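Biologist: Before we go through the features one at a time, could you show me the sequence and the model side by side?

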Amino acid sequence: MKRHINIIGAGIAGLSAGCYLQMNGYETQIFELHNLPGGLCTAWKRKDYTFDGCLHWLVGSSPRDKFYQLWNELIDMEKLKFVDHEYYIKVEDKTGKSMTVFCDVDRMETEMLEKAPEDRVVIEEFVTGVRKLMNFRLPIEKAPEIYNLLDFIKMMVSMLPYMGEMKKWVGISATEFAGRCRNELLRKTFLYMFWPTMNVLFLVLTLVWMNKKSAGYPIGGSLNFAKLIEKKYLALGGKINYKSRVMRVIVENGTAKGLVLQNRQTYPADIVISAADGHDTIFNMLDGKYLNGKIESYYQDYEVFPSYIQVSLGIAKALEDLPHMVVFPLQTPLYIDDTITYDDINIRVFNFDPTMAPEGKTVVTSMLSTANYKHWRHLKKQQPEIYKAEKKRIADAIVEALDKKYGGIKDHVEAVDVSTPSTVIRYTNNWQGSFEGWVWTPKIGFSKMKKELPGLNNFYMIGQWVEPGGGVPPALMSGRGVAQIICKRDHKRFKVLSAV
């Protein structure tokens with residue numbers, strides 16, 4: 001008889017786990033509170049426009065990359081078209097000067113040295129780091145939890161040439177590194193390359209992948225990508241229960257036995273996997289009963305990615321000449337809430353993906369982070385008219401800024417959508433409305449979070465709350481890894497049925 005496994009959450013981690021478990025003879029079903037797959041890897045329609053909320057690039061877009069082979073286990077990668085951008089981001093200052101972070105490491109070095117010659121030492125140190133890790137390959141084929149001695153030795157031998165460089169960069173935050181720059185524009189560029197408190201190793205590896213053209217953008221965007229994995233899961237015989245919020249994990253004698261939904265229906269299982277929000281899983285679904293000091297410290301001391309406001313615009317112009325990713329200063333600072341006011345904004349122009357808008361039209365988005373998720377939840381619940389007005393105020397400010405910067409924007413806006421922290425929580429239940437779980441800071445370093453909780457059997461956690469730094473590749477690895485762990489404990493050989 002097949003063992004039955006309940007999975008909470010149909011994000012990339014939950015879908016991946018479901019696919020691999022189905023491949024290995026388990027009977028699984030997924031319970032998802034939303035009516036769509038993907039979790040935070042999502043998009044939504046407004047009029048004729050598609051507004052994307054996640055993928056900027058996909059690690060593993062090149063057949064030469066190990067991640068490509070893993071993705072190819074779930075979807076036919078040859079059917080996806082990828083865009084390899086010439087540059088990562090363009091950053092401008094108040095004087096009109098700009099710095100372009102080219103994906104080609106040689107062009108990036110030339111640009112930085114030309115624009116910030118006084119920071120030659122800092123630039124060469126960073127570029128050297130990228131070059132030294134160019135041949136690094138993450139050991140992703142096997143979950144570390146099932147390593148034997150030989151696996152560990154092989155891993156250490158493969159990592160040894162790179163450990164010094166990796167240890168150096170994982171211990172420095174982007175903020176700290178940017179602080180070494182004398183040139184203000186270069187300093188600003190490092191701060192806007194991803195997240196200021198993220199360790200610099202993340203930036204280095206990102207540019208390594210982009211330089212090798214293995215971090216392309218998949219045409220069709222985030223929801224399309226998630227639906228491809230959903231299709232694979234359903235074809236393997238899996239079942240997804242949408243609009244099915246899990247309230248409690250059933251535990252008997254220290255062993256997970258199933259789930260209770262919001263509608264009070266119960267679903268027994270031999271094993272339970274949570275690919276849902278970590279805080280809700282531990283402190284609500286499990287009543288905070290399966291903890292130790294280390295796990296408690298994560299939720300007390302570790303930095304969480306903030307929530308955000310995303311302004312999405314459908315514009316009846318091609319905007320072919322605009323940069324696809326640009327940061328530029330505002331003429332008037334933009335107040336978001338009591339915690340943050342923006343002097344610059346980050347704009348993403350989807351002039352590279354024809355599926356996002358009708359021909360001759362373009363989607364433009366701006367993501368504005370804020371830690372004040374409580375403020376936005378309060379407005380949504382208690383003061384809906386003010387909530388609506390605040391969203392309009394911010395959207396109008398973004399339109400005005402774009403119009404002043406590029407001209408001819410305001411009169412061509414056909415669709416406007418504003419997602420807030422309240423929106424993120426409503427659709428994903430992510431703790432504090434976070435967009436990626438834990439920030440991969442120097443404090444976390446190379447430490448690993450366990451997929452199991454103390455005192456609880458037949459239960460696993462996967463996804464961004466056990467994979468610092470978030471993103472879809474770690475979600476894939478997390479889902480694949482838990483399937484490998486379960487197979488090993490059941491004395492089954494882990495197998496893969498290719499998507500091709």
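Modeller: Let me begin with a pair of strands: S16 and S17 run antiparallel and are joined by eight bridges, where strands (E, at least two residues) and helices (H or I, at least four residues) are DSSP runs numbered from the N terminus, and two strands pair if DSSP finds at least two bridges between them. Bear in mind that this is a predicted model, in which local features need pLDDT of at least 70 and side-chain atom pairs count only at pLDDT 80 or more, while totals for chains, interfaces and linings use all residues. Residues are numbered from 1 along each chain as its sequence is written, and side-chain values use heavy atoms, with hydrogens and water left out.

Biologist: How many residues lie between S16 and S17, and which residue is the bridge partner of Asp337?

Modeller: In general, strands of a sheet pair through backbone hydrogen bonds, either parallel or antiparallel. Here S16 and S17 form a hairpin with two residues between them, and Asp337 has Ile340 in S17 as its bridge partner. On from there, S17 (residues 340-349) is joined antiparallel to S18 (residues 362-370) by three bridges, with Val349 opposite Val364 in S18.

Biologist: What is the order of the strands in the open sheet, and which strands stand at the edges?

Modeller: The open sheet has seven strands in the order S8-S7-S16-S17-S18-S15-S19, with mixed pairing. At its edges stand S8 (98-102) and S19 (413-419), and each has a single partner strand, so one side of each is left without a neighbour in the sheet. From one strand to the next the twist averages 25°, an angle taken, on a scale from 0 to 180 degrees, between the N-to-C directions of axes that are lines fitted to C-alpha atoms, for helices over the stretch in contact. Helix H14 (residues 421-428) lies across S15 (307-315), S18 and S19, and runs at about 100° to S15.

Biologist: Is helix H1 largely enclosed or left open, and why?

Modeller: Burial is read from relative accessible area: under 20% is buried, over 50% exposed and in between partly exposed, with a 1.4 Å probe and protein chains only. Twelve of the twelve residues of H1 are buried, so the helix is largely enclosed by the rest of the structure; among them are Ile12, Tyr20 and Met23. H1 (residues 12-23) reaches 16 Å from its first C-alpha to its last, close to the 16 Å expected at 1.5 Å a residue, the expected span being 1.5 Å times one less than the number of residues. Just after H1, Gly25 takes a positive phi of about 90°.

Biologist: How many disulfides does the structure hold?

Modeller: A disulfide is a covalent bond between the sulfur atoms of two cysteines, assigned here when the two sulfur atoms are within 2.5 Å. The structure holds zero disulfides. For Cys41, the closest cysteine sulfur is that of Cys54, at 4.1 Å, which is too far for a bond. Cys487 is likewise in no disulfide, and its nearest cysteine sulfur, that of Cys19, is 14 Å away. Cys41 counts as buried because its relative accessibility is 3%, and Cys487 counts as buried at 1%.

Conventions:
Contact = heavy atoms within 4.5 Å.
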